[in-house]
Amino acid sequence: MQSSTRKMGIMTDVHRRFLQLLMTHGVLEEWEIKRLQKHCYRVHDRNATVEKLEDFINNINSVLESLYIEIKKGFTEDDGRPIYALVNLATTSISKMATDFAENELDLFRKALELIIDSETGFASSTNILNLVDQLKGKKMRKKEAEQVLQKFVQNKWLIEKEGEFTLHTRAILEMEQYIRETYPDAVKICNICHSLLIQGQSCETCGIKMHLPCVAKYFQSNSEPRCPHCNDYWPHDIPEVFNPEKEREAGTSKSNKKSLRSRQH
Amino acid sequence: MLQKPRSRPRSSAQSEKDRDRGRDGDARGPRGHVAEEAPSTSRGPGGSQETPGASSQGARRAQASPSVGPRTQKQLELKVAELVQFLLVKDQKKIPIKRTDILKHVVGDYKDIFPDLLKLASERLQYVFGYKLVELEPKSNTYILVNTLEPVEEDAEVRGDQGTPTTGLLMIVLGLIFMKGNTIKETEVWDFLRRLGVYPTKKHLIFGDPKKLITEDFVKQRYLEYRRIPHTDPVDYEFQWGPRTHLETSKMKVLKFVAKVHNQDPKDWPAQYCEALADEENRARPEPSGPAPSS
């Protein structure tokens with residue numbers, strides 16, 4: 001039951017339960033959010049047709065708007081999986097983390113964030129992050145403790161760790177994109193295709209423009225001679241495959257098994 | 001002026017807000033990020049949320065909440081949004097939220113309209129999330145959120161947190177307390193739990209530290225009351241239901257749980273059944289007015 005010119009959506013218990021359960025996750029993959037949606041319909045409105053996910057979410061977002069939060073959709077930078085997070089629009093700082101972490105822990109995150117943004121690959125090594133431990137605000141933190149804090153960030157999906165190096169979890173990118181763009185306007189990298197914040201990606205070796213791996217995949221799909229969209233020079237990197245949810249499910253591969261497309265250091 | 005920024009979902013609604021607001025002369029319009037007028041002003045000295053980058057915007061933000069004079073619709077909206085988020089986050093930890101904390105961390109300069117802010121926040125929490133903002137005990141000036149949606153077994157499969165495996169233990173203890181006449185000695189609790197393989201001194205695979213859970217965590221969360229029994233040697237304590245339990249569940253619900261565990265009917269315990277019925281009747285009577293503080 002929706003009016004055609006909806007200014008603000010209607011909340012029912014289906015939507016409320018959805019939101020409540022969504023809030024228990026930091027971030028959700030698309031199949032998870034669809035399952036959640038179906039669950040909520042089953043509990044409250046068994047006979048109704050499950051609304052198309054995009055419309056369902058837009059409806060909820062129109063209600064959330066006055067609360068300055070939103071269900072935001074993004075894509076993982078390494079393999080282009082669609083993911084969703086409930087994001088705070090009203091503050092630019094890393095306030096969502098503030099309730100779970102102490103002052104010195106937040107500062108450690110900030111330091112790691114800066115190293116990640118400044119890096120060429122989008123990754124900061126554990127060593128480099130830990131070397132900054134003396135500069136942290138708040139209570140003094142030892143390196144051993146800092147290692148555990150970094151693991152806490154990984155568990156809570158703020159950072160991802162690969163082979164001793166850390167990058168931002170897609171959740172952090174979704175939550176903090178605005179903050180990062182405003183705080184580090186010079187260091188920040190932007191994807192040439194989608195114009196969103198870029199942490200990991202491929203660069204043109206001639207003109208330096210960067211693209212997300214999934215953006216590369218889509219842009220050069222079935223193009224036998226990929227060329228840089230900016231300077232037209234030959235694109236020198238491996239073109240990844242476009243994310244296919246059907247193939248994914250069949251193969252049954254977990255995310256951690258996926259081969260990283262980032263060139264390895266060793 | 002109402003240009004649509006690129007593919008940002010906020011854009012269309014921003015223009016709606018401008019239309020609705022009318023008298024707000026904010027010329028920054030839809031392009032200005034909401035974030036620039038972020039309501040973090042009142043998080044003042046206590047907050048650790050101020051980041052090095054954000055401090056440069058501090059000056060601009062301070063203008064968004066004057067201490068006197070009329071506030072714009074938008075400022076009020078932001079303030080209510082902040083309050084809602086604060087309450088949601090605080091309630092996640094299940095520690096009751098003190099009014100003084102709310103005033104200090106969120107309301108700040110808007111103290112004069114605190115009752116209205118709280119009422120608005122309470123309405124939004126109910127309408128959007130299905131949570132009711134309730135005062136823990138009358139005049140306690142602490143609040144909790146009570147879920148108006150019934151939890152369902154299948155929720156556990158789609159939750160993101162581990163839910164609370166400790167809920168099982170809590171339910172058992174609540175059941176014990178009720179069935180024993182609403183109060184039970186700590187020694188009796190452990191006598192019972194030992195039979196389930198739960199010991200006060202032994203780490204439990206699921207519950208971790210059961211003693212800490214029962215005598216500290218559940219008490220802090222106000223699910224249980226834990227009082228020393230005077231003149232006992234060795235010292236003994238007694239448990240009763242805490243105020244949160246009374247708000248979140250009921251004697252009938254707990255009785256039904258106990259019955260289910262025994263594969264019996266609640267009516268098989270006539271005394272408790274009568275008590276639960278009386279409790280249901282009490283609940284059905286109209287409640288005194290909601291969370292708006294009286295002082």
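1. Helices here are DSSP runs of at least four residues and strands are runs of at least two. The model is predicted. With those terms, residues 176-228 of chain A are 28% helix and 15% strand. An unreviewed UniProt entry lists the span as "domain: Phorbol-ester/DAG-type".

2. Chain A also has an open sheet of three strands. The order is S4-S6-S5, with antiparallel pairing. Strand S4 (124-125) and strand S5 (159-162) of chain A are the edges, each pairing on one side only.

3. Take the S4 side of the sheet. S4(A) and strand S6 (residues 165-168) of chain A run antiparallel and are joined by two bridges. Ala124(A) has Phe166(A) in S6(A) as its bridge partner. In general, strands of a sheet pair through backbone hydrogen bonds.

4. Confidence in chain B needs care in reading. Its mean pLDDT is 77, and 72% of the residues score at least 70. Strand S4 (residues 184-185) of chain B has the highest confidence in the chain, at 96. Helix H1 (residues 10-21) of chain B has the lowest, at a mean of 40.

5. Residues 1-66 of chain B have pLDDT below 50. Even so, this stretch has 117 contacts in the model beyond near neighbours in sequence.

6. For the complex, the predictor gives an ipTM of 0.79 and a pTM of 0.73.

Terms used. Residues are numbered from 1 along each chain as its sequence is written. Chains are lettered from A and ligands numbered from 1 in the order in which they are written. This is a predicted model: local features need pLDDT of at least 70, side-chain atom pairs count only at pLDDT 80 or more; totals for chains, interfaces and linings use all residues. Side-chain values use heavy atoms; hydrogens and water are left out. UniProt positions are given in the numbering used here, feature names are shortened, and annotations may be inferred rather than shown by experiment. Two strands pair if DSSP finds at least two bridges between them. pLDDT is the predictor's confidence in each residue, from 0 to 100. Contact means heavy atoms within 4.5 Å.
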